[in-house]
Amino acid sequence: MSKECQVNAMVTEKPHLELVDGPIQMEALRPRIDHPDAGAQGWFVGVTRRTTGDLITETLYYEAHQPMAKREMMKLAQEAVKKFSLLRLVIVHRLGEVPIAEASVVIGCSSSHRPQTFAALEWIMNALKKEVPIWKREVYSDGKEEWVHPDANMDVSGASE
Amino acid sequence: MIIEVLLFAAARELTGRDVVEIEVAAAEQHGERGADTTSPCEEEYGDTGNANCVLVSCIIKALTQQYPELKQLLPSCRIAVDCQYVGPDASVPLGAEVALIPPVSGG
C-alpha cells in the first residue's frame, strides 16, 4: 500500500447521526463503525425501562427541537471523535413513542484500542443527556403522565435511561 | 418589539401552545416612546443600545410576566437562539429563532 493510501485509510468519516420516528434498525447500523484500524467496537443501547422506584411506566414518548438536536449531536460527536480518537461514530435517537424494552438511543463507535471506546460511550451518553434538546414524557400505568425535566423545580421525576 | 418563542415539552403543555409571542422593548423604542412603553424590560435599557436587538434576560422576564403559567419552570430553562444555547447577557437580533429549552431528558 502506498503511503498516500495508508493516510487515506486513517481519515475519519463524519459521525453518522440520525433522529428516527420508528424502531432503530441495529443491523443496518452495525457496518457503519467498521474500520480496518479498529481493535475495538462498542455499542450502548438505551431502552425504555418499566420501573422507576414504585412507579410502573406504561410507555415513553420523546420529542425534540429537531434542527437544534441534530446540531448539538454533531457538536458533541465531533468533540468525542477528537477527545477519544474515534475511527467511526454513530448516534441514533428515536422520537415519538418508544415502548418498554425498545431502544430510544443507540451509540456505536470504534477505536484502535478498547479504553477509548469504553470511555467514549459513557462520555457521549452523559453529554447527550445534558445538552441535546430532546425530552421524554412518561406515561405511568396508573394513568399519570409527566414530562421529565431533571433539576426543574417542578413535580417531575423519574429520569430513565 | 414582538418576539416569537418556540416552546417544547412541559412549557408547550403549560401554555397549550408551541409558539408564543411576547412584547419586549428594544433600546431605541424605549428612548423614543418613553413612558408609553409598558415593557417589563425598560429599566434594563439605558439610552444606548440597538433597536434591532433584545437581551435574553429581557425575553425571560417578559415570558414570566406575560405567561405566568411558565413561572415555575422558567428558572431551570435555557434559551437557544438560532439553535445555539445563549446566556442571559446575549442579545438577540431581530428575526432570529428563539426557543425556550426546558431541562432536557433525552437518552
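# Exercises on chains A and B

A:Arg137 is buried, with a relative accessible area of 12%, where buried means under 20% relative accessible area with a 1.4 Å probe, protein chains only. The structure is a predicted model, in which local features need pLDDT of at least 70 and side-chain atom pairs count only at pLDDT 80 or more, while totals for chains, interfaces and linings use all residues. Residues are numbered from 1 along each chain as its sequence is written, chains are lettered from A in the order in which they are written, and side-chain values use heavy atoms, with hydrogens and water left out.

**Exercise 1.** Find the element that holds A:Arg137, and then its partner in a salt bridge.

*Solution.* Begin with chain A, where A:Arg137 lies in strand S8 (residues 134-140); strands are DSSP runs of E with at least two residues, helices are runs of H or I with at least four, and both are numbered from the N terminus. Next, list the contacts (heavy atoms within 4.5 Å): leaving aside neighbours within four places in sequence, A:Arg137 touches residues including A:Tyr61, A:Glu145, A:Trp147 and B:Glu13.

**Exercise 2.** Describe the interface between chain B and chain A by its residues and its buried area.

*Solution.* First count the residues: 25 of chain B are in contact with 30 of chain A. Then take the buried area, which is the accessible area (1.4 Å probe) that two parts lose on being put together, summed over both; here the two chains bury about 2200 Å², 56% of it on carbon and sulfur atoms. Within the share of chain B, the residues B:Cys83, B:Ser105 and B:Gly107 supply 27% of the area, more than any other three residues. The count of salt bridges between the chains is 3.

**Exercise 3.** Work out which way the side chains of strand S1 (residues 2-6) of chain B point, and which strands pair with S1(B).

How values were computed:
A salt bridge is a side-chain nitrogen of Lys or Arg within 4 Å of a carboxyl oxygen of Asp or Glu. Buried means under 20% relative accessible area, exposed over 50%, partly exposed in between (1.4 Å probe, protein chains only). Two strands pair if DSSP finds at least two bridges between them.
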